[in-house]
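Subject: Structure for you to look at

Hello,

Here is the structure I said I would pass on. Please open it before you read the notes below.

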Amino acid sequence: MNDQQVDYAAVFQALPGMVALLTPELVYVDVNEDFARLAGRSREELVGRYIFDAFPENPGDPAAAGRRETEESMLRVVASGERDTMALLRYDIEDSQRPGHWQEHFWSPVNAPVLGPDEQVVLIVHRVEEVTQLIRARGGLAGTTKAARLEAELYTRSRELQEVNERLRKAHARERKVALALQAAMLPSPGPVGHHRAAVRYRPAVGGLNVCGDWYDLVGLPGDRMAVAVGDVVGHGLTAACVMGQLRSALSAATLVADGPAQALEVLGLYARSVDGAESSTVATTFIDWSTHTLTYSSAGHPPPALLTPEGDVTFLDQATDPPLGARPEHVSRPQATAAFSEGATLVLYTDGLIERREEDIDVGLARLAESLRRRGRDNPEAMADALLADLLNSNRNTDDTALVVIRL
């Protein structure tokens, strides 16, 4: 059986139920035999045509209009790369033999993505169950008053569910927009860093309410020194964005008076206990001293910063890692470690959205980051930041926020 060639075109045509393939522009690529038969259109009449040219709405009955819901569902699939199940839908079909005459139909549609090698949506699978007869003949009571009530009730409840879902999506979109604006205000471009070059990036997750509390900060210190930090707040939406702003401001203030990164994180940990939603937040902070060519760092449960040497070697600064903020019931001093660097090296701090994938061990993501850094070692910080995002994130599929700081040492 393993050696047998599978004729997928034949399998597609033999699939039970109505199945169609469309491009992301909603143009038919193929339909199976059941789709053509039940829709009353031949495959030749559909392939290559825009879906709503092939099946226009019934202009004489607003109750039969389902174009908006269908189009929005398919476009959500293209944008998110995720399956979208629609509520029961009435969408009448014009009789191909009698133009102007419309046949009442009820449908139960599901739209699903087909992803290409780059994880982009290349096709939409449009699977439809034709349930007209079920609606009309619940329990063999077709034509009776009870059957009519059942039909009206089922259809009305389905439409109400669709409308509630639509309102929720719009509310989520508004909250996402506000959260992104709040984060943009709290994460400005870095100020002057002397003759040193730095680049920062913030990339929100795709779709939904996945705007999280990822953040970065750069703080100038006396002498030829600087502190750079990245952090990640658990949760999403406005709550996470607000907590992020509080933690970022608190760490910035603590950094200016602390003896080092460990003490700054100890102060931040104590402060986090008084902030709802700050528990289990992660932070990594590094003090850069150009006069001694040293990095002093500490991490509260955060992925380790990466140091790229001018020769192309990558070291992860993982010798001072402690639990996230608020993870211990009692206050305990945090560790810190020091690493030397040579002129022309590059320091990279990031949040877990850059490296972590649900189906992978974190070491796989770290190895992927190291390889990208080695390839991009000659780039300036701005070009390197863009390249790292391009290498490690898929713009259509990243499901977690990402904050990134790149500094040429």
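The notes below go from the whole chain to its cores and then to one helix.

Please keep in mind that this is a predicted model. The chain has 409 residues, of which 46% are buried. Its secondary structure consists of eleven helices and 19 strands. If you take the contacts between residues at least 6 apart in sequence, 62% of them join residues at least 24 apart. The chain exposes about 20000 Å², and 52% of that comes from carbon and sulfur atoms.

In soluble globular proteins, nonpolar side chains tend to be buried together. Here the largest nonpolar core holds 25 residues. Leu 218, Ile 288, Ile 407 and Leu 409 have the most contacts inside it. Several strands each supply at least two residues of this core, including strand 10 (212–221), strand 12 (282–289) and strand 19 (402–408). Leaving out residues up to four places away in sequence, Leu 409 touches Ile 288, Trp 290 and Phe 341, among others. Another core, of 22 residues, lies apart from the largest one, and Tyr 28, Ala 39, Ile 93 and Trp 107 are among its members.

Helix 5 runs over residues 67–80. From first C-alpha to last it reaches 20 Å, close to the 20 Å expected for its 14 residues. Which residues of helix 5 are buried? They are Glu 69, Thr 70, Ser 73, Met 74 and Val 77. These residues lie on the same side of helix 5, because they cover an arc of only 125 degrees around the axis. Just after helix 5 comes Gly 81, with a positive phi of about 70 degrees.

Regards

Terms used: Residues numbered from 1 in each chain as written. Predicted model: local features only at pLDDT ≥ 70, side-chain atom pairs only at ≥ 80, totals over all residues. Heavy atoms only, no water. Core = buried A, V, L, I, M, F, W, Y, C linked by side-chain atoms within 4.5 Å. Buried < 20%, exposed > 50% of the residue type's maximum accessible area, 1.4 Å probe, protein only. Helix = DSSP H or I, 4+ residues; strand = E, 2+ residues; numbered from the N terminus. Contact = heavy atoms within 4.5 Å. Areas by Shrake-Rupley, 256 points an atom, 1.4 Å probe, with all protein chains shown as cover. Expected span 1.5 Å × (residues − 1). Arc of directions from axis to C-beta.
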